[in-house]
There are 2 protein chains.
Amino acid sequence: MRIIEGGVCAAKGFLAAGIAAGIKQKSNNRDLALIFSETPACAAGVFTTNKVKSACVTVSKEHLKNNKAQAIIVNSGNANCCTGPQGLLDAKQTAEAVASALNIAAQDVLVASTGVIGRPLPMGKIINGISQLSKRLSSLNSSEVAQAIMTTDTVQKESTVSFLLDGKVINVGGAAKGSGMLYPNMATMLCFITTDAVIEPAALKAALKLCVDKTFNCVSVDGDMSTNDMALILANGASGSERITLKTKGAFNKFTAALLEVTETLAKMLAKDGEGATKLVEVLIKGAASSADAKIATKAVCNSNLVKTAIYGQDANWGRIAAAVGSSAAKVDINHLSIYMGKVKILSKGKPTNVSEDILKKILSENEINITVDLGVGNGTAKMWTCDLSEEYIRINAKYRT
Amino acid sequence: MRIIEGGVCAAKGFLAAGIAAGIKQKSNNRDLALIFSETPACAAGVFTTNKVKSACVTVSKEHLKNNKAQAIIVNSGNANCCTGPQGLLDAKQTAEAVASALNIAAQDVLVASTGVIGRPLPMGKIINGISQLSKRLSSLNSSEVAQAIMTTDTVQKESTVSFLLDGKVINVGGAAKGSGMLYPNMATMLCFITTDAVIEPAALKAALKLCVDKTFNCVSVDGDMSTNDMALILANGASGSERITLKTKGAFNKFTAALLEVTETLAKMLAKDGEGATKLVEVLIKGAASSADAKIATKAVCNSNLVKTAIYGQDANWGRIAAAVGSSAAKVDINHLSIYMGKVKILSKGKPTNVSEDILKKILSENEINITVDLGVGNGTAKMWTCDLSEEYIRINAKYRT
């Protein structure tokens with residue numbers, strides 16, 4: 001596997017474009033993007049589990065029923081959520097406008113939105129923008145897509161790899177956005193991935209689900225879950241490789257490894273660029289009674305405002321980590337509990353090791369912090385990524401709409 | 001029922017004192033307090049459900065087994081948690097020192113601590129302080145207790161009422177501290193209540209549990225649950241009133257109403273004085289499929305960093321309220337969902353009412369904000385208090401220990 005460049009345009013036969021259509025009211029930044037496959041592609045998606053869903057989620061799920069898609073239209077600056085029946089009509093009309101501009105079926109257009117909830121989509125700007133986008137499509141514009149989906153993100157996020165399958169080069173590339181309202185199942189997150197692999201729908205679905213579970217569903221910024229999250233993948237088969245199915249184990253595993261590399265890279269970029277974040281924090285729970293328990297305990301640490309503010313302050317207040325796992329539903333016995341910062345053990349089976357504050361201070365001064373908690377009661381493990389919590393998070397979110 | 005003054009010394013036969021024993025390293029504030037009943041009292045307690053518990057929780061639970069106590073010793077500045085076997089010895093030695101100074105049984109001393117986790121109790125300072133406290137006991141010192149239990153609290157918190165039962169005056173008074181790590185079951189919260197009611201253990205326990213569930217367990221500041229929480233009540237019978245039992249319904253209800261007034265007043269003071277808080281927020285969920293569902297949805301709103309930062313910013317970003325309830329496990333159907341800020345309806349069965357931002361801005365400029373969510377799918381209701389989330393919360397918690 002090789003790390004390459006090119007994002008959603010790295011795979012053969014994919015074109016893209018992103019423009020400023022005037023949807024974002026606070027800036028003139030890009031806010032509308034189109035991804036297009038020159039031939040119909042096998043498609044799969046994973047969506048938010050929030051019961052309050054954007055109209056775009058409803059429409060994209062519906063359009064994915066035949067496991068086929070050829071274009072993705074996405075806007076930032078407006079979530080098209082809690083917008084009533086008009087919101088649904090707007091999402092459908094968006095798909096129809098793309099279909100008409102590209103001469104494809106509306107059923108083959110997937111729709112995504114991110115931004116403020118509860119305001120009607122500015123359809124005039126969107127329709128006009130789609131017309132511009134369709135003329136601008138190119139295989140060189142992947143970064144325009146990465147830019148157009150940004151909301152409070154401070155950096156654009158792309159990841160691309162290629163691998164060889166039976167002598168053929170297969171490319172997998174994606175773009176994603178965070179960066180607040182990030183919480184497993186899923187984050188305020190949009191992710192679009194393209195590949196020229198030849199793959200059957202069942203295998204594509206399985207690979208995407210597996211990779212999302214291990215990556216995006218392991219990122220938490222603030223414990224808030226969005227109404228609009230989705231990860232979409234289009235596989236147009238342009239590589240002419242062997243057909244990947246659930247039965248071609250070797251090929252399936254190679255493809256999944258590539259997809260995992262792309263999604264994990266993007267997931268870590270999301271956590272690192274969490275709103276106001278100054279540090280990427282990786283939390284590993286081991287010795288849990290079960291994997292489920294490990295996951296519960298990891299979430300408790302990653303969602304603790306107190307743990308995250310302490311890391312921001314570079315204060316090794318590890319008691320908050322103990323309190324967080326103890327308050328979770330996971331099996332915890334203080335007499336078996338050990339806590340590490342980096343490789344340094346701070347608590348050993350319930351007893352403080354009295355390691356010097358200077359050593360801990362140095363660990364916490366790094367940009368990437370590793371916290372390991374050994375519950376000491378079994379073999380369950382889980383890993384998750386989060387970030388610290390700073391005043392900047394508050395500033396960003398206190399006046400988001402105004 | 002009358003609102004009076006006097007806190008933990010309002011009830012007859014109770015003395016108290018609070019001093020600066022040097023446990024708090026950052027200030028010379030009071031950090032050690034003693035509450036004493038001149039006669040053995042009926043006693044009950046409610047404790048944190050965190051599996052990582054302070055040694056003081058273990059000792060106080062043990063000492064409450066006979067439903068009797070005569071003194072409460074409490075320190076701030078050190079939680080005596082994750083301190084290994086030495087922590088347990090220290091908590092026991094603290095009780096013994098109090099017993100010896102007051103010439104009572106160690107079994108009748110309850111111990112409470114709050115502060116930094118993972119550091120050994122400075123026993124020299126505590127033993128020396130207990131000696132000073134025992135000489136300083138007076139019926140005029142309730143506010144010294146309220147001060148000595150403060151950590152990041154900005155105001156001391158006392159509440160006192162009296163009521164007539166069969167011609168006799170009964171007093172109920174308490175002191176409490178917050179103000180971060182506040183989350184149901186329970187908060188980083190200590191609460192000590194004294195009363196001169198004559199009451200049987202079963203009735204005292206039942207009344208305390210009922211009141212804690214309706215008040216302290218309905219406060220959330222940051223979703224973090226402490227290792228040290230406890231609410232303790234001593235009833236010494238000095239009023240000479242009729243004996244309150246579970247069977248004397250009228251008397252039991254009168255007592256519970258008085259206790260509820262004290263605990264609710266303290267609970268709202270806790271939420272209002274949440275770390276960095278500028279506003280008290282009351283969240284009411286109605287129309288839920290069940291009471292349990294209503295509670296789940298209320299917690300989701302109260303624990304949402306995004307909802308709380310928006311309120312801090314006086315930004316009526318109600319979409320975040322919809323997203324929070326939608327992400328909870330409660331039954332939510334967007335087509336039945338209505339949201340109010342104050343008395344103004346913002347979302348009506350899934351459709352925005354397009355109320356003017358000026359009206360909402362005015363509501364959010366107040367110090368107390370009411371949010372009501374009607375799920376529209378049943379009759380379950382629940383109410384909870386929280387506060388907004390400001391930069392000050394981050395500043396307080398980033399450098400708590402240093």
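Tutor: We begin with pairing: two strands pair if DSSP finds at least two bridges between them. Strands of a sheet pair through backbone hydrogen bonds, either parallel or antiparallel. In this predicted model, strand 10 (residues 280–288) of chain A is joined to strand 15 of chain A by seven bridges, and the two run antiparallel. Within strand 15 of chain A, A:W385 is the residue that stands opposite A:E282.

Student: In what order do the strands of that sheet lie in chain A?

Tutor: The order is 13-12-11-14-10-15, in an open sheet of six strands with mixed pairing. Its edges are strand 13 (351–352) and strand 15 (380–387) of chain A, each of which pairs on one side only.

Student: Which helix of chain A lies across strands 11, 12 and 14?

Tutor: That is helix 10 (residues 357–364) of chain A, which lies across strand 11 (338–341), strand 12 (344–348) and strand 14 (368–374). Relative to strand 12 of chain A, helix 10 runs at about 120°.

Student: What is the strand order of the open sheet in chain B?

Tutor: In chain B, an open sheet of six strands has the order 13-12-11-14-10-15, again with mixed pairing. Strand 13 (351–352) and strand 15 (380–387) of chain B form the edges, each pairing on one side only. A parallel case is found here: strand 10 (residues 280–288) of chain B and strand 14 (residues 368–374) of chain B run parallel and are joined by seven bridges. B:L284 stands opposite B:T372 in that strand 14.

Student: How many residues of helix 9 of chain A are buried?

Tutor: Burial is read from the relative accessible area, with under 20% counted as buried. Helix 9 (residues 319–327) of chain A is mostly covered, with eight of its nine residues buried. Among the buried residues are A:R320, A:I321 and A:V325. Their cover includes strand 10, helix 7 (291–302), helix 8 (305–312), strand 11 and strand 14 of chain A, together with helix 11 (391–398) of chain B.

Student: Is B:N75 buried or exposed?

Tutor: B:N75 counts as buried because its relative accessibility is 4%. Its place is in strand 4 (residues 68–78) of chain B. The side chain of B:N75 reaches the backbone oxygen of B:N78 at 2.9 Å. Beyond four places in sequence, B:N75 touches several residues, including B:I23, B:D31, B:S113 and B:L121.

Student: With which side chain does that of B:K209 make a polar contact?

Tutor: The partner is the side chain of B:D213, at 2.8 Å. B:K209 is found in helix 5 (residues 201–214) of chain B, and is partly exposed, with a relative accessible area of 46%. An α-helix has 3.6 residues a turn, so residues three or four places apart point the same way.

Student: Which residues show a positive phi, and where do they lie?

Tutor: Most residues other than glycine have a negative phi. Phi of A:N103 is positive, near 60°; this residue lies in the loop between helix 2 (84–102) and strand 5 (109–116) of chain A and, at 71% relative accessibility, counts as exposed. Phi of A:N354 is positive too, near 55°. A:N354 is found in the loop between strand 13 and helix 10 of chain A, and is exposed, with a relative accessible area of 66%.

Note on methods:
Residues numbered from 1 in each chain as written. Chains lettered and ligands numbered in written order. Predicted model: local features only at pLDDT ≥ 70, side-chain atom pairs only at ≥ 80, totals over all residues. Heavy atoms only, no water. Helix = DSSP H or I, 4+ residues; strand = E, 2+ residues; numbered from the N terminus. Contact = heavy atoms within 4.5 Å. Axes fitted to C-alpha atoms, helices over the stretch in contact; angles between N-to-C directions. Buried < 20%, exposed > 50% of the residue type's maximum accessible area, 1.4 Å probe, protein only. Polar contact = N/O pair within 3.5 Å; in protein donor to acceptor, adjacent residues only side chain to side chain.
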